[in-house]
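Have the model open while you read.

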Amino acid sequence: MITCFRRCALSVLALAAAVSPLAAAAQDKPAPISESEVRTHIAILASDDFEGRAPGTSGETKTLDYLAKTWASYGLVSGTNDAATPWFQPVPLVERKPYAHRFSAMRGSRTIRIDSDAVILASKDTQGQARGEPLFVGYGVAADGTLNADVAGRIVIMLSAEPKFEGAAKLPSRREREKLLAEAGAAAVLLTAPDGMSWGAVRSALGSGSMRRASDDAAPPISGLLRADALKALLRPAGLSPAAAMRQAGEPGFAPVSLPVTLDLAATTSVRAFDSHNVIAKLPGARPGSGAILLLGHWDHFGICRSEEAEDRICNGAVDNASGMAVLLTIAERLARSAEMGAPLDRDVYFMGTTAEERGLLGAYHFADNPNVPLDQILVALNVDTVAIAPKGAPVAIVGRGETGLDEIVDSIAIAAGRTVETGTEANAFIRRQDGWALAAKGVKSIMAGGSFADMALLQAFLTTVYHQPEDELTDATPLGGAADDANLHVDLVRHFADEAKYTPAATGD
Ligand SMILES: [Zn+2]
(Lines give C-alpha, C1' and ligand atoms only; values in the text may rest on other atoms or scores of the structure.)
Protein backbone atom coordinates (compact mmCIF):
# COMPACT_ATOMS: atom_id res chain seq x y z
CA MET A 1 0.00 0.00 0.00
CA ILE A 2 2.83 2.35 0.81
CA THR A 3 4.38 1.40 -2.52
CA CYS A 4 1.19 2.36 -4.31
CA PHE A 5 1.02 5.68 -2.56
CA ARG A 6 4.63 6.45 -3.43
CA ARG A 7 4.14 5.43 -7.05
CA CYS A 8 1.02 7.53 -7.39
CA ALA A 9 2.80 10.48 -5.85
CA LEU A 10 5.74 9.99 -8.19
CA SER A 11 3.58 9.81 -11.28
CA VAL A 12 1.87 13.06 -10.27
CA LEU A 13 5.30 14.62 -9.96
CA ALA A 14 6.26 13.21 -13.36
CA LEU A 15 3.14 14.77 -14.89
CA ALA A 16 3.95 18.11 -13.31
CA ALA A 17 7.47 17.85 -14.66
CA ALA A 18 6.17 17.17 -18.17
CA VAL A 19 5.76 20.91 -18.75
CA SER A 20 9.44 21.55 -18.10
CA PRO A 21 11.94 21.32 -20.99
CA LEU A 22 13.97 18.87 -18.94
CA ALA A 23 11.06 16.44 -18.88
CA ALA A 24 12.05 14.47 -21.96
CA ALA A 25 15.57 13.88 -20.67
CA ALA A 26 14.28 12.95 -17.23
CA GLN A 27 11.82 10.48 -18.71
CA ASP A 28 14.49 8.73 -20.79
CA LYS A 29 15.69 7.20 -17.56
CA PRO A 30 13.00 5.56 -15.47
CA ALA A 31 13.63 5.24 -11.74
CA PRO A 32 15.98 2.46 -10.65
CA ILE A 33 14.47 -0.99 -10.14
CA SER A 34 13.46 -1.34 -6.49
CA GLU A 35 13.60 -4.26 -4.09
CA SER A 36 9.81 -4.24 -3.83
CA GLU A 37 9.39 -4.75 -7.59
CA VAL A 38 11.68 -7.77 -7.43
CA ARG A 39 9.87 -9.06 -4.34
CA THR A 40 6.45 -8.87 -6.02
CA HIS A 41 7.49 -11.27 -8.79
CA ILE A 42 9.35 -13.65 -6.46
CA ALA A 43 6.30 -13.81 -4.19
CA ILE A 44 4.23 -15.11 -7.10
CA LEU A 45 6.76 -17.45 -8.71
CA ALA A 46 7.83 -18.97 -5.37
CA SER A 47 4.32 -19.24 -3.95
CA ASP A 48 2.98 -22.68 -3.01
CA ASP A 49 0.43 -22.19 -5.79
CA PHE A 50 3.27 -22.69 -8.33
CA GLU A 51 4.20 -25.96 -6.59
CA GLY A 52 7.94 -25.45 -6.88
CA ARG A 53 7.94 -25.05 -10.69
CA ALA A 54 8.91 -28.61 -11.67
CA PRO A 55 9.10 -29.32 -15.42
CA GLY A 56 6.09 -31.23 -16.71
CA THR A 57 3.75 -30.29 -13.85
CA SER A 58 0.94 -27.76 -13.44
CA GLY A 59 3.65 -25.61 -11.84
CA GLU A 60 5.30 -25.39 -15.26
CA THR A 61 2.06 -24.27 -16.89
CA LYS A 62 1.53 -21.54 -14.31
CA THR A 63 5.14 -20.38 -14.48
CA LEU A 64 5.27 -20.20 -18.29
CA ASP A 65 1.93 -18.41 -18.34
CA TYR A 66 3.06 -15.83 -15.79
CA LEU A 67 6.38 -15.14 -17.50
CA ALA A 68 4.99 -14.87 -21.04
CA LYS A 69 1.99 -12.77 -20.02
CA THR A 70 4.10 -10.41 -17.93
CA TRP A 71 6.64 -9.92 -20.71
CA ALA A 72 3.81 -9.42 -23.23
CA SER A 73 2.20 -6.84 -20.93
CA TYR A 74 5.41 -4.78 -21.18
CA GLY A 75 5.21 -4.87 -24.97
CA LEU A 76 7.65 -7.71 -25.66
CA VAL A 77 6.82 -10.20 -28.42
CA SER A 78 7.47 -13.92 -28.87
CA GLY A 79 11.17 -14.61 -29.29
CA THR A 80 10.94 -18.08 -30.78
CA ASN A 81 10.95 -16.57 -34.28
CA ASP A 82 8.58 -19.39 -35.21
CA ALA A 83 4.89 -18.73 -35.79
CA ALA A 84 4.08 -22.40 -35.16
CA THR A 85 5.41 -22.31 -31.58
CA PRO A 86 5.07 -18.75 -30.27
CA TRP A 87 6.74 -17.95 -26.93
CA PHE A 88 7.58 -21.53 -26.00
CA GLN A 89 10.32 -23.81 -27.32
CA PRO A 90 9.45 -27.46 -26.67
CA VAL A 91 12.20 -29.42 -24.91
CA PRO A 92 11.62 -33.21 -25.10
CA LEU A 93 12.66 -34.83 -21.82
CA VAL A 94 12.65 -38.25 -20.22
CA GLU A 95 12.09 -38.35 -16.48
CA ARG A 96 12.90 -41.27 -14.22
CA LYS A 97 11.58 -41.38 -10.69
CA PRO A 98 12.90 -44.09 -8.40
CA TYR A 99 10.08 -46.06 -6.81
CA ALA A 100 11.83 -48.73 -4.83
CA HIS A 101 15.23 -50.35 -4.70
CA ARG A 102 17.13 -53.20 -3.18
CA PHE A 103 20.76 -52.73 -2.25
CA SER A 104 22.85 -55.33 -0.52
CA ALA A 105 26.59 -55.58 -0.01
CA MET A 106 28.28 -58.81 1.10
CA ARG A 107 31.87 -59.59 1.93
CA GLY A 108 32.05 -63.34 1.53
CA SER A 109 29.08 -64.53 3.54
CA ARG A 110 29.01 -61.45 5.78
CA THR A 111 26.60 -58.58 5.16
CA ILE A 112 28.09 -55.10 5.15
CA ARG A 113 25.62 -52.89 6.99
CA ILE A 114 24.66 -49.85 4.94
CA ASP A 115 21.71 -47.62 5.83
CA SER A 116 19.14 -47.92 3.03
CA ASP A 117 18.72 -44.10 3.05
CA ALA A 118 22.41 -43.80 2.21
CA VAL A 119 21.87 -45.05 -1.35
CA ILE A 120 19.67 -43.77 -4.18
CA LEU A 121 19.14 -46.09 -7.15
CA ALA A 122 17.16 -45.73 -10.37
CA SER A 123 16.88 -48.01 -13.39
CA LYS A 124 16.94 -46.90 -17.04
CA ASP A 125 13.90 -49.00 -17.83
CA THR A 126 11.05 -49.70 -15.43
CA GLN A 127 13.02 -52.54 -13.86
CA GLY A 128 16.74 -53.05 -13.64
CA GLN A 129 19.28 -55.10 -11.76
CA ALA A 130 23.00 -55.65 -11.50
CA ARG A 131 25.18 -57.95 -9.44
CA GLY A 132 28.91 -58.27 -9.00
CA GLU A 133 32.13 -56.89 -7.63
CA PRO A 134 32.21 -53.09 -7.89
CA LEU A 135 35.08 -51.29 -9.60
CA PHE A 136 36.24 -48.01 -8.07
CA VAL A 137 37.32 -45.97 -11.10
CA GLY A 138 38.16 -42.65 -9.42
CA TYR A 139 37.18 -39.99 -11.95
CA GLY A 140 36.62 -42.69 -14.56
CA VAL A 141 38.98 -41.09 -17.05
CA ALA A 142 42.71 -40.87 -17.54
CA ALA A 143 44.54 -37.56 -18.02
CA ASP A 144 43.80 -37.75 -21.76
CA GLY A 145 40.04 -37.83 -21.10
CA THR A 146 39.46 -41.44 -22.18
CA LEU A 147 37.97 -44.11 -19.88
CA ASN A 148 40.53 -45.62 -17.53
CA ALA A 149 39.10 -49.17 -17.41
CA ASP A 150 37.14 -51.81 -19.27
CA VAL A 151 33.78 -51.34 -17.58
CA ALA A 152 31.57 -53.62 -19.72
CA GLY A 153 29.15 -55.42 -17.42
CA ARG A 154 30.68 -53.87 -14.30
CA ILE A 155 29.18 -51.97 -11.38
CA VAL A 156 31.25 -48.79 -11.38
CA ILE A 157 31.79 -46.43 -8.45
CA MET A 158 32.91 -42.99 -9.65
CA LEU A 159 33.77 -39.68 -8.00
CA SER A 160 31.33 -36.96 -8.95
CA ALA A 161 33.85 -34.11 -8.52
CA GLU A 162 35.41 -32.62 -11.65
CA PRO A 163 38.60 -34.54 -12.49
CA LYS A 164 41.89 -32.76 -11.88
CA PHE A 165 45.20 -34.12 -13.08
CA GLU A 166 48.34 -32.09 -13.17
CA GLY A 167 48.93 -30.69 -16.62
CA ALA A 168 45.81 -32.27 -18.11
CA ALA A 169 43.67 -30.04 -20.31
CA LYS A 170 39.89 -29.83 -20.10
CA LEU A 171 38.47 -33.16 -18.91
CA PRO A 172 34.92 -34.41 -19.41
CA SER A 173 32.27 -33.25 -16.94
CA ARG A 174 30.51 -35.68 -14.59
CA ARG A 175 27.65 -35.98 -17.03
CA GLU A 176 29.95 -36.65 -19.94
CA ARG A 177 31.81 -39.27 -17.91
CA GLU A 178 28.54 -40.99 -16.98
CA LYS A 179 27.63 -41.08 -20.65
CA LEU A 180 31.02 -42.56 -21.61
CA LEU A 181 30.54 -45.29 -19.00
CA ALA A 182 27.01 -46.04 -20.21
CA GLU A 183 28.20 -46.28 -23.82
CA ALA A 184 31.01 -48.59 -22.74
CA GLY A 185 28.45 -50.98 -21.30
CA ALA A 186 28.70 -50.42 -17.53
CA ALA A 187 25.96 -52.36 -15.74
CA ALA A 188 25.59 -49.69 -13.09
CA VAL A 189 27.19 -46.35 -12.28
CA LEU A 190 27.19 -45.29 -8.63
CA LEU A 191 28.36 -41.75 -7.99
CA THR A 192 29.74 -40.34 -4.79
CA ALA A 193 27.67 -37.51 -3.30
CA PRO A 194 28.91 -34.13 -4.57
CA ASP A 195 31.03 -32.12 -2.13
CA GLY A 196 29.65 -29.05 -0.44
CA MET A 197 26.06 -30.17 -0.78
CA SER A 198 23.89 -31.62 1.98
CA TRP A 199 22.50 -35.14 1.40
CA GLY A 200 19.04 -33.53 1.52
CA ALA A 201 19.99 -31.35 -1.44
CA VAL A 202 21.37 -34.38 -3.27
CA ARG A 203 18.09 -36.19 -2.66
CA SER A 204 16.12 -33.24 -4.06
CA ALA A 205 18.37 -33.19 -7.10
CA LEU A 206 18.48 -36.89 -7.95
CA GLY A 207 16.39 -38.82 -5.48
CA SER A 208 13.21 -37.14 -6.68
CA GLY A 209 13.98 -38.21 -10.20
CA SER A 210 16.53 -37.72 -12.93
CA MET A 211 15.87 -36.07 -16.25
CA ARG A 212 17.62 -36.32 -19.54
CA ARG A 213 17.00 -34.87 -22.94
CA ALA A 214 15.20 -37.42 -25.10
CA SER A 215 17.86 -36.78 -27.75
CA ASP A 216 20.65 -37.63 -25.31
CA ASP A 217 19.38 -40.51 -23.25
CA ALA A 218 22.44 -42.74 -22.83
CA ALA A 219 22.21 -44.13 -19.30
CA PRO A 220 23.47 -47.30 -17.68
CA PRO A 221 20.85 -49.91 -16.69
CA ILE A 222 21.21 -48.67 -13.09
CA SER A 223 22.36 -45.25 -11.86
CA GLY A 224 22.82 -44.34 -8.26
CA LEU A 225 24.34 -42.16 -5.60
CA LEU A 226 26.22 -43.12 -2.48
CA ARG A 227 26.24 -41.08 0.71
CA ALA A 228 29.68 -40.63 2.30
CA ASP A 229 29.13 -43.42 4.88
CA ALA A 230 28.06 -45.89 2.18
CA LEU A 231 31.18 -45.13 0.13
CA LYS A 232 33.33 -45.56 3.23
CA ALA A 233 31.79 -48.97 3.99
CA LEU A 234 32.40 -50.19 0.42
CA LEU A 235 36.01 -48.97 0.22
CA ARG A 236 37.04 -50.40 3.61
CA PRO A 237 37.35 -54.08 2.50
CA ALA A 238 39.95 -52.89 -0.06
CA GLY A 239 41.89 -51.16 2.71
CA LEU A 240 40.99 -47.74 1.38
CA SER A 241 39.64 -44.69 3.17
CA PRO A 242 37.59 -42.17 1.15
CA ALA A 243 40.39 -39.60 1.58
CA ALA A 244 43.05 -42.04 0.34
CA ALA A 245 40.82 -43.11 -2.56
CA MET A 246 40.32 -39.47 -3.59
CA ARG A 247 44.04 -38.79 -3.38
CA GLN A 248 45.00 -41.84 -5.43
CA ALA A 249 42.33 -41.09 -8.02
CA GLY A 250 43.96 -37.72 -8.72
CA GLU A 251 47.39 -39.25 -9.38
CA PRO A 252 48.33 -39.54 -13.07
CA GLY A 253 49.04 -43.28 -13.00
CA PHE A 254 45.90 -44.23 -11.06
CA ALA A 255 44.57 -47.71 -11.80
CA PRO A 256 40.96 -48.60 -10.94
CA VAL A 257 40.50 -50.83 -7.88
CA SER A 258 38.18 -53.83 -7.72
CA LEU A 259 36.50 -53.85 -4.31
CA PRO A 260 36.26 -57.32 -2.67
CA VAL A 261 32.52 -57.00 -2.11
CA THR A 262 29.48 -58.45 -3.87
CA LEU A 263 26.85 -55.88 -4.61
CA ASP A 264 23.30 -56.85 -5.47
CA LEU A 265 21.28 -53.98 -6.90
CA ALA A 266 17.73 -53.82 -8.15
CA ALA A 267 15.55 -50.82 -8.87
CA THR A 268 12.01 -50.11 -10.01
CA THR A 269 11.57 -46.76 -11.66
CA SER A 270 8.72 -44.87 -13.29
CA VAL A 271 9.80 -43.61 -16.71
CA ARG A 272 7.94 -40.76 -18.42
CA ALA A 273 8.64 -38.95 -21.69
CA PHE A 274 7.16 -35.46 -22.05
CA ASP A 275 7.78 -32.00 -23.50
CA SER A 276 8.85 -29.19 -21.20
CA HIS A 277 9.53 -25.69 -22.53
CA ASN A 278 11.90 -22.78 -22.65
CA VAL A 279 10.00 -19.48 -22.76
CA ILE A 280 11.51 -16.85 -25.06
CA ALA A 281 10.53 -13.18 -25.38
CA LYS A 282 11.99 -10.50 -27.60
CA LEU A 283 12.29 -6.74 -27.30
CA PRO A 284 12.84 -5.89 -30.97
CA GLY A 285 15.69 -3.48 -31.65
CA ALA A 286 15.57 -0.50 -34.02
CA ARG A 287 18.26 -2.01 -36.27
CA PRO A 288 17.34 -5.58 -37.13
CA GLY A 289 20.29 -7.63 -38.28
CA SER A 290 22.76 -5.83 -36.02
CA GLY A 291 23.04 -8.82 -33.68
CA ALA A 292 21.25 -9.74 -30.49
CA ILE A 293 21.76 -9.75 -26.73
CA LEU A 294 20.40 -12.71 -24.76
CA LEU A 295 19.41 -12.56 -21.11
CA LEU A 296 18.58 -15.90 -19.60
CA GLY A 297 17.71 -17.53 -16.31
CA HIS A 298 16.17 -20.83 -15.35
CA TRP A 299 12.51 -20.84 -14.39
CA ASP A 300 12.45 -24.42 -13.06
CA HIS A 301 13.00 -25.80 -9.59
CA PHE A 302 12.38 -29.13 -7.82
CA GLY A 303 8.61 -29.03 -7.34
CA ILE A 304 7.17 -31.29 -4.68
CA CYS A 305 10.42 -32.60 -3.28
CA ARG A 306 9.53 -34.33 -0.01
CA SER A 307 7.40 -37.34 0.81
CA GLU A 308 3.82 -37.11 2.02
CA GLU A 309 4.65 -37.18 5.70
CA ALA A 310 6.86 -34.06 5.50
CA GLU A 311 5.45 -30.85 6.94
CA ASP A 312 6.60 -28.75 3.98
CA ARG A 313 6.77 -30.75 0.76
CA ILE A 314 7.37 -27.95 -1.73
CA CYS A 315 10.81 -26.79 -2.83
CA ASN A 316 9.75 -23.25 -3.74
CA GLY A 317 13.14 -22.09 -5.04
CA ALA A 318 12.66 -18.46 -4.06
CA VAL A 319 16.33 -17.62 -4.39
CA ASP A 320 17.02 -20.44 -6.89
CA ASN A 321 15.76 -19.10 -9.24
CA ALA A 322 12.52 -17.18 -8.78
CA SER A 323 14.87 -14.31 -7.91
CA GLY A 324 16.61 -14.46 -11.28
CA MET A 325 13.35 -14.66 -13.21
CA ALA A 326 11.96 -11.74 -11.17
CA VAL A 327 15.02 -9.72 -12.11
CA LEU A 328 14.62 -10.63 -15.80
CA LEU A 329 11.02 -9.37 -15.66
CA THR A 330 12.01 -6.05 -14.11
CA ILE A 331 14.85 -5.55 -16.61
CA ALA A 332 12.44 -6.19 -19.51
CA GLU A 333 9.97 -3.69 -18.06
CA ARG A 334 12.58 -0.93 -17.78
CA LEU A 335 14.08 -1.50 -21.23
CA ALA A 336 10.65 -1.71 -22.87
CA ARG A 337 9.56 1.48 -21.11
CA SER A 338 12.59 3.45 -22.26
CA ALA A 339 12.06 2.15 -25.80
CA GLU A 340 8.48 3.43 -25.65
CA MET A 341 9.70 6.74 -24.31
CA GLY A 342 11.72 7.22 -27.47
CA ALA A 343 15.05 5.58 -26.62
CA PRO A 344 14.92 2.22 -28.44
CA LEU A 345 17.96 -0.02 -28.42
CA ASP A 346 19.67 -0.85 -31.71
CA ARG A 347 19.84 -4.59 -31.20
CA ASP A 348 17.19 -7.17 -30.43
CA VAL A 349 17.17 -8.21 -26.79
CA TYR A 350 15.97 -11.73 -26.03
CA PHE A 351 14.79 -12.87 -22.62
CA MET A 352 14.76 -16.62 -22.07
CA GLY A 353 13.51 -18.66 -19.15
CA THR A 354 15.06 -22.11 -19.45
CA THR A 355 13.63 -25.39 -18.22
CA ALA A 356 15.37 -28.21 -16.36
CA GLU A 357 18.49 -26.31 -15.36
CA GLU A 358 18.29 -28.16 -12.07
CA ARG A 359 18.44 -31.46 -13.97
CA GLY A 360 21.69 -30.63 -15.76
CA LEU A 361 21.17 -27.41 -17.78
CA LEU A 362 18.87 -29.39 -20.13
CA GLY A 363 16.80 -26.50 -21.45
CA ALA A 364 19.90 -24.40 -22.09
CA TYR A 365 21.63 -27.28 -23.90
CA HIS A 366 18.51 -27.84 -25.98
CA PHE A 367 18.48 -24.17 -26.99
CA ALA A 368 22.21 -24.24 -27.77
CA ASP A 369 21.65 -27.25 -30.08
CA ASN A 370 18.42 -25.86 -31.59
CA PRO A 371 18.78 -22.09 -31.33
CA ASN A 372 15.80 -19.90 -32.19
CA VAL A 373 18.33 -17.15 -32.84
CA PRO A 374 21.49 -18.24 -34.72
CA LEU A 375 24.22 -18.46 -32.09
CA ASP A 376 26.64 -16.35 -34.12
CA GLN A 377 24.16 -13.48 -33.89
CA ILE A 378 24.12 -13.59 -30.09
CA LEU A 379 26.86 -11.12 -29.26
CA VAL A 380 26.58 -11.46 -25.49
CA ALA A 381 24.66 -13.82 -23.21
CA LEU A 382 24.01 -12.75 -19.62
CA ASN A 383 22.76 -15.43 -17.25
CA VAL A 384 20.90 -14.43 -14.09
CA ASP A 385 20.75 -17.13 -11.43
CA THR A 386 20.42 -17.06 -7.64
CA VAL A 387 20.59 -13.30 -7.21
CA ALA A 388 18.91 -12.85 -3.79
CA ILE A 389 22.07 -13.59 -1.80
CA ALA A 390 24.03 -10.38 -1.38
CA PRO A 391 23.04 -7.15 0.38
CA LYS A 392 22.76 -3.81 -1.34
CA GLY A 393 26.12 -2.44 -2.43
CA ALA A 394 27.88 -5.81 -2.76
CA PRO A 395 30.84 -5.95 -5.18
CA VAL A 396 30.29 -7.31 -8.68
CA ALA A 397 31.91 -10.63 -9.58
CA ILE A 398 31.91 -12.31 -12.98
CA VAL A 399 31.39 -16.03 -13.45
CA GLY A 400 33.44 -16.46 -16.61
CA ARG A 401 36.02 -13.77 -15.81
CA GLY A 402 38.94 -14.00 -18.20
CA GLU A 403 37.02 -16.09 -20.72
CA THR A 404 35.19 -13.60 -22.94
CA GLY A 405 37.05 -10.30 -23.29
CA LEU A 406 34.02 -8.56 -21.75
CA ASP A 407 35.44 -8.06 -18.23
CA GLU A 408 36.71 -4.51 -18.70
CA ILE A 409 33.38 -3.32 -20.05
CA VAL A 410 31.42 -4.97 -17.26
CA ASP A 411 33.80 -3.64 -14.60
CA SER A 412 33.62 -0.08 -15.87
CA ILE A 413 29.82 -0.16 -16.12
CA ALA A 414 29.61 -1.54 -12.57
CA ILE A 415 31.97 1.15 -11.26
CA ALA A 416 30.01 3.86 -13.07
CA ALA A 417 26.93 2.56 -11.25
CA GLY A 418 28.69 3.02 -7.90
CA ARG A 419 29.59 -0.64 -7.33
CA THR A 420 32.99 -2.04 -6.53
CA VAL A 421 34.43 -4.94 -8.50
CA GLU A 422 35.73 -8.32 -7.33
CA THR A 423 38.52 -9.04 -9.79
CA GLY A 424 39.40 -12.50 -8.46
CA THR A 425 38.40 -15.61 -10.37
CA GLU A 426 36.96 -17.64 -7.48
CA ALA A 427 33.48 -17.30 -8.97
CA ASN A 428 34.67 -19.32 -11.98
CA ALA A 429 34.23 -22.45 -9.83
CA PHE A 430 30.57 -22.16 -10.89
CA ILE A 431 31.22 -21.76 -14.59
CA ARG A 432 29.98 -25.23 -15.57
CA ARG A 433 27.17 -25.23 -13.04
CA GLN A 434 25.10 -22.53 -14.74
CA ASP A 435 23.07 -22.29 -17.93
CA GLY A 436 25.49 -19.87 -19.59
CA TRP A 437 27.91 -22.79 -19.90
CA ALA A 438 25.74 -24.46 -22.56
CA LEU A 439 26.24 -21.35 -24.71
CA ALA A 440 29.86 -20.71 -23.75
CA ALA A 441 30.69 -24.29 -24.79
CA LYS A 442 29.50 -23.33 -28.30
CA GLY A 443 31.56 -20.16 -28.46
CA VAL A 444 28.99 -17.56 -27.34
CA LYS A 445 30.43 -14.83 -25.09
CA SER A 446 28.58 -15.77 -21.95
CA ILE A 447 28.94 -14.46 -18.42
CA MET A 448 27.07 -14.25 -15.15
CA ALA A 449 27.75 -10.89 -13.47
CA GLY A 450 26.52 -9.74 -10.08
CA GLY A 451 26.86 -9.67 -6.34
CA SER A 452 25.94 -13.25 -5.43
CA PHE A 453 29.25 -14.73 -6.53
CA ALA A 454 31.46 -12.00 -5.06
CA ASP A 455 31.49 -13.24 -1.47
CA MET A 456 32.10 -16.98 -1.30
CA ALA A 457 31.38 -17.15 2.44
CA LEU A 458 27.95 -15.63 1.91
CA LEU A 459 27.27 -17.92 -1.05
CA GLN A 460 28.41 -21.04 0.82
CA ALA A 461 26.16 -20.08 3.74
CA PHE A 462 23.25 -20.41 1.30
CA LEU A 463 24.54 -23.50 -0.56
CA THR A 464 25.07 -25.49 2.63
CA THR A 465 21.72 -24.64 4.28
CA VAL A 466 18.46 -23.90 2.47
CA TYR A 467 19.76 -24.49 -1.10
CA HIS A 468 17.56 -27.06 -2.91
CA GLN A 469 15.47 -27.58 0.23
CA PRO A 470 11.89 -26.61 1.08
CA GLU A 471 13.38 -23.80 3.20
CA ASP A 472 14.42 -21.81 0.10
CA GLU A 473 11.36 -19.63 0.54
CA LEU A 474 10.70 -15.90 0.33
CA THR A 475 10.74 -14.34 3.82
CA ASP A 476 11.10 -10.85 5.23
CA ALA A 477 14.77 -11.69 5.70
CA THR A 478 15.46 -12.64 2.06
CA PRO A 479 18.15 -10.17 0.98
CA LEU A 480 16.87 -8.32 -2.10
CA GLY A 481 19.21 -5.33 -2.05
CA GLY A 482 21.77 -7.14 -4.16
CA ALA A 483 19.07 -8.44 -6.51
CA ALA A 484 17.80 -4.91 -7.18
CA ASP A 485 21.41 -3.73 -7.66
CA ASP A 486 22.03 -6.56 -10.13
CA ALA A 487 18.80 -5.80 -11.99
CA ASN A 488 19.91 -2.20 -12.46
CA LEU A 489 23.41 -3.32 -13.45
CA HIS A 490 21.90 -5.50 -16.19
CA VAL A 491 19.79 -2.63 -17.50
CA ASP A 492 23.06 -0.69 -17.90
CA LEU A 493 24.87 -3.68 -19.42
CA VAL A 494 22.14 -4.26 -21.99
CA ARG A 495 22.00 -0.54 -22.85
CA HIS A 496 25.70 -0.76 -23.60
CA PHE A 497 25.87 -4.07 -25.46
CA ALA A 498 22.72 -3.40 -27.50
CA ASP A 499 24.06 -0.05 -28.71
CA GLU A 500 25.90 -0.36 -32.03
CA ALA A 501 27.94 2.76 -31.39
CA LYS A 502 29.06 1.62 -27.95
CA TYR A 503 29.74 -2.06 -28.52
CA THR A 504 31.27 -3.66 -31.57
CA PRO A 505 32.05 -7.33 -31.16
CA ALA A 506 35.74 -8.07 -31.60
CA ALA A 507 36.74 -9.74 -34.84
CA THR A 508 37.10 -13.53 -34.79
CA GLY A 509 40.29 -14.78 -33.29
CA ASP A 510 39.92 -12.47 -30.28
ZN1 LIG B 1 19.47 -25.01 -8.24
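Domain 1 covers 32-93 + 273-497 and domain 2 covers 113-260, with bounds from an automatic or database domain assignment.

Some ground rules: residues are numbered from 1 along each chain as its sequence is written, and side-chain values use heavy atoms, with hydrogens and water left out. Since this is a prediction, local features need pLDDT of at least 70 and side-chain atom pairs count only at pLDDT 80 or more, while totals for chains, interfaces and linings use all residues.

**Contact and area**
- On the domain 1 side, 22 residues touch 21 residues of domain 2 (contact means heavy atoms within 4.5 Å).
- About 1600 Å² is buried between them, 50% of it from carbon and sulfur atoms (accessible area, 1.4 Å probe, that two parts lose on being put together, summed over both).
- R359, L362 and R432 supply 35% of what domain 1 buries against domain 2, more than any other three residues.

**Charged pairs**
- The two domains share two salt bridges (a side-chain nitrogen of Lys or Arg within 4 Å of a carboxyl oxygen of Asp or Glu).
- E162 forms a salt bridge with R432, with the closest N and O atoms 3.7 Å apart.

**Elements on the domain 1 side**
- Strand 2 (88-107) and helix 10 (362-369) are the elements giving two or more residues to the side that touches domain 2 (DSSP runs numbered from the N terminus: helices are H or I, at least four residues, and strands are E, at least two).
- Helix 10 gives the largest share of that side, four residues.
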